[in-house]
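Me: I'd like to learn how to read helix packing and domain contacts in a model. Could you walk me through one?
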Amino acid sequence: MIKLYGFTLSNYFNMVKMGLLEKGLEYEFVETQASQDDAYLSKSPMGKVPCIEAEGGFLSEANVILEYLDEVGSGPALMPKDPLQRARVRELMKEMELYIELPARTCFPEAFFGNKVSDEVKAKAKADLAKGVACLKRNGKFSPYVAGDTFTNADIIFQYSVGLASACAKRVLGMNLLEDFPQAKALSELINSRESAKQVAADQKK
Ligand SMILES: N[C@@H](CCC(=O)N[C@@H](CS)C(=O)NCC(=O)O)C(=O)O
């Protein structure tokens, strides 16, 4: 059985958890914090969570894990068969992580952990987030899913990166990322109605 390392407040952890649930894969949750200890680094080379232990070894990086789970799990595919469409899903996944999740993350210390971030960091985050959201508006299909009419791994990344980035931007930057972006709000609600998302939310509340 797959072992899932991480903690329920981690958005990256929740991406992988949703992937496991969507693909009907049984897993064992091993509550773990990110760590630079040798023991954990031997599992997750950057010391980040999540990571998983599959039959053949450990794997980290949420988007990579999601693709692996899609291949070994059952149920509808979460990556398109067509190579170009599959690459487009990867493109969206990468854009959301690099240009929305990561700029927002620079302000997480102030948004969620009671620390201050500098005005320079905030100014950069604000500019980067504006570009990242514009990119998602330009490249996302939202018909109704991010990449088109089928639920894919890009929707999982969307759900657990854009929502958190939006909460962070509102709190720290006074910026409404979802303003003039009703498609994103609608998609988030649609994804929230999935059993997998309900399970993730329920576990988070615990
Ligand atoms: N690129 C990684 C990012 C994972 C990540 O940043 N996880 C956070 C928790 S949400 C973490 O481990 N932070 C501790 C650290 O950066 O050392 C992924 O896709 O899994």
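This is a predicted model: local features need pLDDT of at least 70, side-chain atom pairs count only at pLDDT 80 or more; totals for chains, interfaces and linings use all residues.
Me: At what angle do the axes of H3 and helix H7 cross?

Reply: Residues are numbered from 1 along each chain as its sequence is written. In general, two packed helices are described by the angle between their axes and the distance between the axes. Here the axes of H3 and H7 (residues 153-173) come within 10 Å and cross at roughly 140°. H3 and H7 are therefore oblique to each other. (Angles under 35 degrees count as roughly parallel, over 145 as roughly antiparallel, 65 to 115 as roughly perpendicular and the rest as oblique; they run from 0 to 180 degrees between N-to-C directions, with axes fitted to C-alpha atoms over the stretch in contact. Helices are DSSP runs of H or I, at least four residues, numbered from the N terminus.)

Me: Which residues make the contact of H3 with H7?

Reply: H3 contributes Asn63, Leu66, Glu67 and Asp70, while H7 brings Asn153, Ile156 and Ile157. Contact means C-beta atoms, placed from the backbone, within 7 Å. By class, the residues of this contact are three nonpolar, two polar and two charged. (Ala, Val, Leu, Ile, Met, Phe, Trp, Tyr, Cys and Pro count as nonpolar, Asp, Glu, Lys and Arg as charged, and the others, Gly among them, as polar.)

Me: How do H4 and H7 pack?

Reply: Helix H4 (residues 83-105) packs on H7 at about 20°, with the axes 9 Å apart. That angle makes H4 roughly parallel to H7. Among the residues that meet are Val89, Leu92 and Met96 in H4 and Phe158, Val162 and Leu164 in H7. The contact of H4 with H7 has 14 nonpolar, two polar and two charged residues.

Me: What domains does the chain have?

Reply: An automatic or database domain assignment sets the bounds, giving domain 1 (2-75) and domain 2 (83-197). Their C-alpha centres lie 21 Å apart. Eleven residues of domain 1 and ten residues of domain 2 form the contact. On the domain 1 side, H1 supplies the largest share, seven residues.

Me: Which helices supply the shell around the ligand?

Reply: H1 (11-22) and H3 (62-72) each give at least two residues of that shell. The residues around the ligand include Tyr12, Lys48, Glu61 and Asn63. Asn63 of H3 also takes part in the contact with H7.

Notes
A residue is near a molecule or strand if its C-beta atom, placed from the backbone, lies within 6 Å of it. Two residues are in contact if their C-beta atoms, placed from the backbone, lie within 7 Å.
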